[in-house]
Amino acid sequence: MSDFHVTILLASVIAAAAPILLATLGETITEKSGIINLSLDGTILLSAMCAFVIALKTDNILLGFVAASLVGALVAGMVAFFSIYLKQSQVAVGFVLTLMTRDLAYFIGSPYSRMPGPQVGPMPVPFLSEIPFFGDVLFRHNLPVYFSMVMIGVAWWYVYKTRLGLRLRSVGENPEASYARGINPNRVQMVYALCGGLLVGLAGATFSLCIKPGWGQPQGAEGTGWIALALVIFGGWNPVKAALGAYLFAFLQVMSIYFQGWLPSIPAQVFQVAPFPLMIFILVIMFFAQRESFVRWAKDKPVVRAVIRALSSAAPSSLGRRYSEE
Amino acid sequence: MADYVQNGQRISAGQYTETVGDYIREGVLTLVVVLAFTTFVLFIAGAPPLDAYYHIFKGSLGSWGKFTHVIKAWIPLTLCSCGLLYTFRIGLWNIGVEGQVVMGAIFTTYALRFGIATPFPLVFLALSFAAGIAGGALWALLAGFLKTKGGVHEIFAGLGLNFVAQGTVLWLIFGPWKRPGVASMSGTEIFPTDLWLPYISSLRISPIGLACALGALILTAAMLRYTRVGLYLKAIGNNPNSAYLLGLKPNRYMLIAMICAGGFAGLAGSMQVAGVYHRLIPSISSNYGYLSLLVVMLANFNVWIAPLVAFFFACLNVGSIQLPMMLQLDSSLSGVIQGTLVLATLAVHAWRIRQKTRGARP
């Protein structure tokens, strides 16, 4: 491939990662509070559809983003409501919602398929975009992409460095103890389910108004929600590590286009599904890396140990468990 | 931990008993919620709601021809639901059932390809069913091993394998198994008619397919109720730790449950290839795997209610195919109705329990 440029490649990775990143960060925050929102894949499609249709009808891109984030929060709020107040399984409700919202998006959105519509324009950052190499890679995108990058730091800082973040983590680890300390776990879980949902909704809008503009069946965002859920585990419920995972995944996605050109003998379908077995493979490695025999073997191998320490993680202790005041 | 109080006794949610009147009240309330939401959605889409319902009904039960299509959808849905009963019983979320259907279809197609232009098509047809069952079971076993040996949650293992199975189908259709000439989304070449699942031409229904579905139901009911395996699955599903202390090996029974689920799902894939499409197509599973998860949930994990729910869902799926033709609506309305139905059932049931036990809580 003659038109291969590292700058263009990296810039497209940064852009392609934006919606995955937003969804992953949103889900990380939600899961930190102990709620698992399995409805991501459908939510992203529904909010993508809403963003496109609202932006098209009102001719206002901002309203599209607002609508999408509200849709995301609404669906996440339903998962939390079913879990907290109706004592139903989060996994069951999330799964049903993922199928239902996807079909809802296809049903309501079908008249708007393949229509030309509004799209977020590029917005290079003044001065910063003039920096050689880094300017081209990082600072010649549009607003949602910048937002996704900023959110990595904000999420990390909020979760690990603020008082509210501490309360969030304590509810996810031990709601009973949090309750004893005067925190209302139900309220905290609801709030962070909604916050996470807002970000997931924005991810949908970023698809239909920036990365893959327009609406269709399929839209092109299918499967992203499941990827984001896997990335949360891959990132060990840490926003920064999860973000790295999102960039890695986007890199694979973008590279698959190049690989198809370089290795035409390997069919395109292999590259499209490659990230999924890779994700499983990494999860298996992470599991084995935590075994005692492996830890002993890696004891005098500093490089291996560092890699393992970076990969190993634990889920919030009460993830997916229902909390009841008794 | 006691969740509710009834007649002064602390009981868990599962032990909460309801009268027939409760069930009727809940059922009516659920239907009202579903109809209200669906009508609202149709209103947003700018469609006449009554016409839409009418076309779904007429398109599924309006004629014998339509009814045979419903049966063709009911068979794989029922088979998958039977399989899922095993995995749900032990507390596994076998989301990989979708990929297991696809793998069953791939293995069936592989076996059938050897049967082209041979003097014994029926032998190969039977072999292809065995291959389908094996394919689904293998794919499920892989997810099971990832869960028990690799520490990967079954939802993610299953989902990953679903995507891999789907990628494999596309690769086969566009690569090794492509039609002579040009590969296309319409699938592989159609098999000769002697490799089709035999059906009664006057009724247009395959007795073998029906027998498989009914046999699966009876077998599953018997397995879960009368055999040791069924009892152990339930024991482990209810309390893995105490089952382990009793000397049961949860991992072994998880794998058994996965193999059963995968086998039935694989058979459903065989039905799709040999009985419905007579070739391998990209959407060979028709989403029946995912849909059967909803079927089993709505049936409250009951083996005799599941086929009834499956029939209703099959009607919705087949009937909604009329929507694009008649009303220029998308056929995904069926999925909206099905999902809403499950959610509304969960919500109404939980809400009524909350109402009845309010104030009685300690």
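Are Asp22(B) and Arg352(B) buried or exposed? Both Asp22(B) and Arg352(B) are buried (under 20% relative accessible area, with exposed over 50% and partly exposed in between, using a 1.4 Å probe and protein chains only).

## About the model

This is a predicted model, in which local features need pLDDT of at least 70 and side-chain atom pairs count only at pLDDT 80 or more, while totals for chains, interfaces and linings use all residues. Residues are numbered from 1 along each chain as its sequence is written, chains are lettered from A and ligands numbered from 1 in the order in which they are written, and side-chain values use heavy atoms, with hydrogens and water left out.

## Salt bridges

Let us stay with that opening pair. Asp22(B) and Arg352(B) form a salt bridge (a side-chain nitrogen of Lys or Arg within 4 Å of a carboxyl oxygen of Asp or Glu), with 3.3 Å between the closest N and O atoms. The bridge links distant parts of the chain, since Asp22(B) sits in helix α1 of chain B and Arg352(B) in helix α14 of chain B, 330 residues apart. Helices here are DSSP runs of H or I with at least four residues, numbered from the N terminus. Through shared partners, salt bridges join Asp22(B), Arg25(B) and Arg352(B) into one network.

Over all chains, the structure holds five salt bridges. Among them is the one between Asp103(A) and Arg102(A), whose closest N and O atoms are 3.8 Å apart; Asp103(A) and Arg102(A) are both buried. Another joins the side chains of Asp136(A) and Arg140(A) at 2.8 Å, N to O.

## Where the chains meet

Now for the interface: 50 residues of chain B are in contact (heavy atoms within 4.5 Å) with 41 residues of chain A. The buried area, meaning the accessible area (1.4 Å probe) that two parts lose on being put together, summed over both, is about 3,900 Å² between chain B and chain A. Carbon and sulfur atoms give 78% of that area. In chain B, Phe156(B), Phe163(B) and Leu343(B) lose the most area to chain A, together 17% of what that side buries.

Helices α1 (20–44), α6 (154–174), α11 (288–298) and α14 (333–357) of chain B each supply at least two residues of the side that touches chain A. The count of salt bridges between chain B and chain A is zero.

## A nonpolar patch on chain A

Ile54(A), Leu62(A), Leu63(A), Val66(A), Leu70(A) and Leu198(A) make a nonpolar surface patch of about 510 Å². Patch residues have over 30% relative accessible area and no salt bridge, with like charges joined within 9 Å and nonpolar side chains (Val, Leu, Ile, Met, Phe, Trp, Tyr) within 5 Å. Helix α3 (residues 61–84) of chain A gives the largest share, four residues. Leu198(A) comes from helix α9 (residues 185–211) of chain A and is partly exposed, at 34% relative accessible area.

Thr87(B), in helix α3 (residues 64–89) of chain B, is buried, with a relative accessible area of 0%. Leaving aside residues up to four places away in sequence, Thr87(B) touches Leu92(B), Asn94(B), Ala257(B), Met258(B) and Ala261(B).

In chain A, Ser256(A) lies in helix α11 (residues 239–262) and counts as buried at 10% relative accessibility. The C-alpha atoms of Ser256(A) and Gln272(A) are separated by 7.2 Å, with the two residues 16 apart along the chain.

Conventions:
Accessible areas come from the Shrake-Rupley method with a 1.4 Å probe; for residues, only the protein chains shown count as cover.
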